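Thank you for making time for this today.

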Amino acid sequence: MKRQNNNRERLFNEAAGCCIYCGHPLTLETMEADHIVPRSKGGTADYSNLACSCPRCNAAKADKSAREFVDAMPRKKRYAYENRLEDLFIQGKLSSEKWDLLNPIVPLS
């Protein structure tokens, strides 16, 4: 249980206490761990495939990949998402691996 709580705290801090997708402020109690690549599409439960999400975005994303979810966002929300993601990456909060999974601009290799 301690490892799970530790991962929740890491995810929370990695996203600066906000939903990675919409930027809504969260608490450790209200945040959800979203699978960036859904398990139904071969994603793992490894920390590198998890992101801090609000319940609303996690439910709306459902079994879409982060890229599919972001691609469907209205332009203004997508722009805010891309800026938030870039800020977190520049601050060193996001690993290169997560940046690649979450960034809709970087082509998949």
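This is a predicted model: local features need pLDDT of at least 70, side-chain atom pairs count only at pLDDT 80 or more; totals for chains, interfaces and linings use all residues.

**Charged pairs and a helix**

Let me begin with Lys-41, which counts as partly exposed at a relative accessibility of 44%, where buried means under 20% relative accessible area, exposed over 50%, and partly exposed in between, using a 1.4 Å probe and protein chains only. Residues are numbered from 1 along each chain as its sequence is written, and side-chain values use heavy atoms, with hydrogens and water left out.

Which residue does Lys-41 form a salt bridge with? The partner is Glu-68, with the closest N and O atoms 2.8 Å apart, and a salt bridge here is a side-chain nitrogen of Lys or Arg within 4 Å of a carboxyl oxygen of Asp or Glu. This pair links distant parts of the chain, since Lys-41 sits in the loop between E1 and strand E2 (50–53) and Glu-68 in helix H3 (residues 66–71), 27 residues apart; helices (H or I, at least four residues) and strands (E, at least two) are DSSP runs numbered from the N terminus. Glu-68 is also partly exposed, with a relative accessible area of 37%.

Across the whole structure, the search finds five salt bridges. One of them joins the side chains of Asp-34 and Lys-61, at 3.3 Å from N to O. Asp-34 belongs to strand E1 (residues 32–35) and Lys-61 to helix H2 (residues 55–61), so this pair ties together parts that are 27 residues apart in sequence. Both Asp-34 and Lys-61 are buried.

A further salt bridge runs between Arg-78 and Glu-82, whose closest N and O atoms are 2.8 Å apart. Both residues lie in helix H4 (residues 75–90), four residues apart, which is about one turn of the helix. Through salt bridges that share partners, Asp-71, Arg-78 and Glu-82 are joined into one network.

Turning to H4 itself, which of its residues are buried? They are Arg-78, Tyr-81, Glu-82, Arg-84, Leu-85 and Leu-88. Seen down the axis of H4, these buried residues fall within an arc of 165 degrees (taken from the directions from the helix axis to the C-beta atoms), so they line one face of the helix. On the other side of H4, Arg-75, Lys-76, Tyr-79 and Ile-90 are exposed. Just after H4, Gly-92 takes a positive phi of about 80 degrees.
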